[in-house]
Amino acid sequence: LIAALSAALRTRPGPELRQAQAEVLREAWEYRGAFAPMQVGAGKSLPTFLLPTVLHAQRPVLAIPASLFGKTQRDFARYSADWRVRLPHLISYEEMGRDDRHGKLDALQPDLLILDEAHHLRNDSSRTRKFARYIASRRALETDFGSLLRVVALSGTLMSSSLVDYHHIAVWCLGDRAP
């Protein structure tokens with residue numbers, strides 16, 4: 001899996017994907033979403049840029065903490081030299097927490113929603129409710145051909161407390177396949 005995915009997604013020979021990175025891409029492809037509590041330092045950035053390519057997303061959106069905007073853009077520039085990456089539209093969790101952002105996701109209409117540092121959506125906050133409402137509205141439109149929205153959640157600290165805190169995120173990602 002690692003060798004095949006690396007060969008298909010690299011623009012030139014070089015290092016291969018790590019095991020955890022390949023598994024996230026495989027799970028997202030196979031299940032049309034992924035719930036990925038990856039270890040800190042496992043390399044979450046590269047899969048976030050490869051997911052739009054692997055899933056043929058037309059309108060990918062990457063939600064991150066505002067403090068990671070600069071790092072995300074630097075990581076993208078670094079990976080774009082060697083990998084078939086696409087930079088999703090970036091939104092911040094802090095922005096989504098503002099009252100005037102209730103229609104932000106509706107305006108963007110993402111077909112792939114990547115939640116990096118997804119532990120920011122663990123409680124019943126204003127931003128969590130905005131994501132939940134958008135995901136529920138898109139899932140209500142699902143057809144016999146599958147979901148109109150794929151959700152991938154990644155975090156190095158996703159499982160640091162109770163699974164109850166994160167079950168709603170697993171359901172967003174995996175639907176009825178969630179534990």
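Contact means heavy atoms within 4.5 Å. The model shown in these views is predicted; local features need pLDDT of at least 70, side-chain atom pairs count only at pLDDT 80 or more, and totals for chains, interfaces and linings use all residues. Residues are numbered from 1 along each chain as its sequence is written, and side-chain values use heavy atoms, with hydrogens and water left out.

**View 1. Arg12 in the loop between helix 1 and helix 2.** Arg12 touches Ala81 and Asp82, leaving aside residues up to four places away in sequence. With a relative accessibility of 45%, Arg12 counts as partly exposed (buried is under 20% relative accessible area, exposed is over 50%, and partly exposed is in between, with a 1.4 Å probe and protein chains only). From C-alpha to C-alpha, Arg12 and Arg86 are 16 Å apart in space, and they are 74 residues apart in sequence. Helices (H or I, at least four residues) and strands (E, at least two) are DSSP runs, numbered from the N terminus.

**View 2. The crossing of helix 1 (residues 2-9) and helix 2 (residues 19-31).** The two axes cross at roughly 75° and come within 10 Å; axes are lines fitted to C-alpha atoms, for helices over the stretch in contact, and angles run from 0 to 180 degrees between N-to-C directions. Helix 1 is therefore roughly perpendicular to helix 2 (65 to 115 degrees; under 35 counts as roughly parallel, over 145 as roughly antiparallel and the rest as oblique). Helix 1 contributes Ile2, Leu5 and Leu9 to the contact, and helix 2 contributes Gln19, Ala22 and Leu25. By class, these residues are five nonpolar, one polar and no charged (Ala, Val, Leu, Ile, Met, Phe, Trp, Tyr, Cys and Pro count as nonpolar, Asp, Glu, Lys and Arg as charged, and the others, Gly among them, as polar).

**View 3. The buried and exposed faces of helix 1.** Leu5, Ser6 and Leu9 are buried in helix 1. They cover an arc of only 100° around the axis, so they lie on the same side of helix 1; the arc is that of the directions from the helix axis to the C-beta atoms. Helix 2 and helix 3 are among the elements that cover these buried residues. Ala4 and Ala7 are exposed on the face turned away from the buried side.

**View 4. The packing of helix 3 (residues 45-54) with helix 4 (residues 69-79).** The axes are 10 Å apart, and the packing angle is about 70°. Helix 3 and helix 4 are therefore roughly perpendicular to each other. Ser45, Leu46 and Phe49 of helix 3 meet Lys71, Thr72, Asp75, Phe76 and Tyr79 of helix 4. This contact has four nonpolar, two polar and two charged residues.

**View 5. The two sides of helix 4.** Thr72, Asp75, Phe76 and Tyr79 are buried in helix 4. Down the axis of helix 4, the buried residues fall within an arc of 100°, so they line one face of the helix. They pack against helix 3, strand 2 (60-64) and strand 3 (89-92). Arg74 and Ala77 are exposed on the other side of helix 4.

**View 6. Lys44 in the loop between strand 1 (33-37) and helix 3.** Lys44 counts as buried, at 14% relative accessibility. Apart from residues up to four places away in sequence, Lys44 touches Met38, Asp116, Glu117, Leu154, Ser155 and Gly156.
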